Amino acid sequence: MGSKKSISVILPNYNGKHLMEQFIPSTLEALEFSGVDYEFIVVDDCSKDDSISFIRNNYPNFILLKNDVNSGFSKTCNKGIQQATKDLIFLLNSDVQLTPNYFENQFQYFENAETFGVMGRIMNFDGKKMEDTARLAYYKGGKFKANKFFYIEGNNKVPTTYLSGANALIDRQKLQLLNGFDEIYSPFYFEDFDLGLRAWEAGWLCYYDHQSYCYHQVSSSTKKVNKGNSVKITYNRNSFTLQSIHLKGFRRRFWLVQLFTLTLLGHLFKGEFWIVKSIQQFISQRKAMEQSRTNMRNLQQQLNRQHDLDYIISTISTAIANQKVKWL
């Protein structure tokens, strides 16, 4: 199993008292089953329900942090990441139920000093469908994507493009060296995708463990904040931001041409005029995007690593070649 390490659980919460009441016990059961030292950090994002009093009354030993204003997923998680003190950080959504032995097969991955993190299989709540597994990186047209889900049965160390923010077990020092999630993606979408890419670019490894699994109950948190087309606008803005930050050279120039021609005109032709706001917000972040690229280059120089998207695609593809890969 490998040497077990201590864990800081980080649970971001927004109006999720009913979810915490249902699912925190399974997390505590898994932690106790693993026998590791742990701390449990709940970061409340200005909830309007009884979340704060629920934690204070039922889990007084938890570390409870509160945002002054509603800040979204990235900033909320980062507050907990900065506070964490244990060897590993476990990023957990409030609507995830762990199995009792969830952590047991994951500690072995951290015997490799280059491991960034590992995630387990995410099942829907009735256990009949896999929602999230490993993801294969590839280019499609001018874009970089990772929406091909796959898994390999057995005790195989399977690389994945990125770790789901719902159940990621991550080396704390590496995560803090990356300064957590890039807050350019606030309030939500693509922050975990970006984090995985930055980990790979730093020369670290992201894994998927098929033997570990948990259950996901969709909480529809983004629907609660959807006003008009705001979620679509944010989703597409952040999709553009991800591409712009991680594509380089000719690939980035080619993608930008595609964005301002085919993508823009395609949406306008369908009457989806909200795309203009997505692109306007994307353009307004150009300085922040350049800062994100600069931060990554500086870290690569510090670590003496020069990895890019081509490296990620090649590494994952080579690792699963000639194996019995199953696709979702």
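Modeller: Let us begin with the words we need: helices and strands are runs assigned by DSSP, and they are numbered from the N terminus. Please keep in mind throughout that this is a predicted model.

Biologist: Where does Tyr-109 lie, between which strands?

Modeller: Tyr-109 is found in the loop that joins strand E5 (96-98) to strand E6 (115-124).

Biologist: Is Tyr-109 buried or exposed?

Modeller: A residue is called buried when its relative accessible area is under 20%. Tyr-109 has a relative accessible area of 1%, and therefore it is buried.

Biologist: Which residues is Tyr-109 in contact with, once its neighbours within four places in sequence are left aside?

Modeller: With those neighbours left aside, Tyr-109 is in contact with Thr-115, Val-118, Asn-156, Lys-157, Tyr-207, Tyr-208 and Asp-209. With Asp-209 there is also a polar contact, made from side chain to side chain at 2.6 Å. By contrast, Gln-280 is 171 residues from Tyr-109 in sequence and 42 Å from it in space, taken from C-alpha to C-alpha.

Biologist: How is Lys-5 to be read, and where does Lys-5 lie?

Modeller: Lys-5 belongs to the segment before E1, and it counts as partly exposed because its relative accessibility is 27%. Leaving aside neighbours within four places in sequence, Lys-5 is in contact with Val-36, Asp-87, Leu-88, Phe-107 and Phe-110.

Biologist: What should I notice about Asn-167, which lies in strand E11?

Modeller: Strand E11 covers residues 167-171, and Asn-167 is part of it. Asn-167 has 0% relative accessibility and so counts as buried. A polar atom of the Asn-167 side chain lies 3.0 Å from the backbone oxygen of Gly-120. Beyond its neighbours within four places in sequence, the residues in contact with Asn-167 include Phe-90, Tyr-102, Ile-122 and Cys-214, and Gly-120 is listed among them as well.

Biologist: Now for a whole helix: how many residues does helix H10 have, and how far does it reach?

Modeller: Helix H10 (residues 286-303) has 18 residues, and from its first C-alpha to its last it reaches 26 Å, which is close to the 26 Å expected at 1.5 Å a residue. Its buried residues are Met-289, Ser-292, Arg-293, Met-296, Leu-299 and Gln-300. These residues cover an arc of only 125 degrees around the axis, and therefore they are on the same side of H10. Lys-287, Gln-301 and Gln-302, on the other side of H10, are exposed. The elements that cover the buried residues of H10 include H4, H5, helix H7 (230-246), helix H8 (249-269) and helix H9 (275-284). After H10 comes Asn-304, with a positive phi near 60 degrees.

Biologist: Which residues are buried in helix H3?

Modeller: In helix H3 (residues 73-83), the buried residues are Phe-73, Ser-74, Thr-76, Cys-77, Asn-78, Gly-80 and Ile-81. Among what covers them are strand E1 (7-13), strand E2 (38-44) and helix H5 (191-201).

Biologist: How does one look for empty space?

Modeller: Rolling a probe the size of a water molecule over the atoms shows where space is left empty. Here the count comes to two cavities of 30 Å³ or more, and the largest cavity holds about 40 Å³ of space. Residues lining the largest cavity include Leu-91, Phe-116, Ala-168 and Asp-192, and H5 supplies the largest share of that lining, three residues.

Biologist: Which helix gives the most to the lining of the second largest pocket?

Modeller: That is H10, with seven residues. The second largest pocket has about 410 Å³ of space and is lined by 20 residues, with Leu-178, Asn-179, Gly-180, Arg-198 and Asn-295 nearest its centre.

Terms used:
Residues numbered from 1 in each chain as written. Predicted model: local features only at pLDDT ≥ 70, side-chain atom pairs only at ≥ 80, totals over all residues. Heavy atoms only, no water. Helix = DSSP H or I, 4+ residues; strand = E, 2+ residues; numbered from the N terminus. Buried < 20%, exposed > 50% of the residue type's maximum accessible area, 1.4 Å probe, protein only. Contact = heavy atoms within 4.5 Å. Polar contact = N/O pair within 3.5 Å; in protein donor to acceptor, adjacent residues only side chain to side chain. Expected span 1.5 Å × (residues − 1). Arc of directions from axis to C-beta. 1 Å grid on protein atoms, 1.4 Å probe; cavity = no way out; pocket = protein on both sides within 12 Å on 5 of 7 lines; lining within 4 Å. Points joined across faces, edges and corners; volume = space filled by probe spheres on them.
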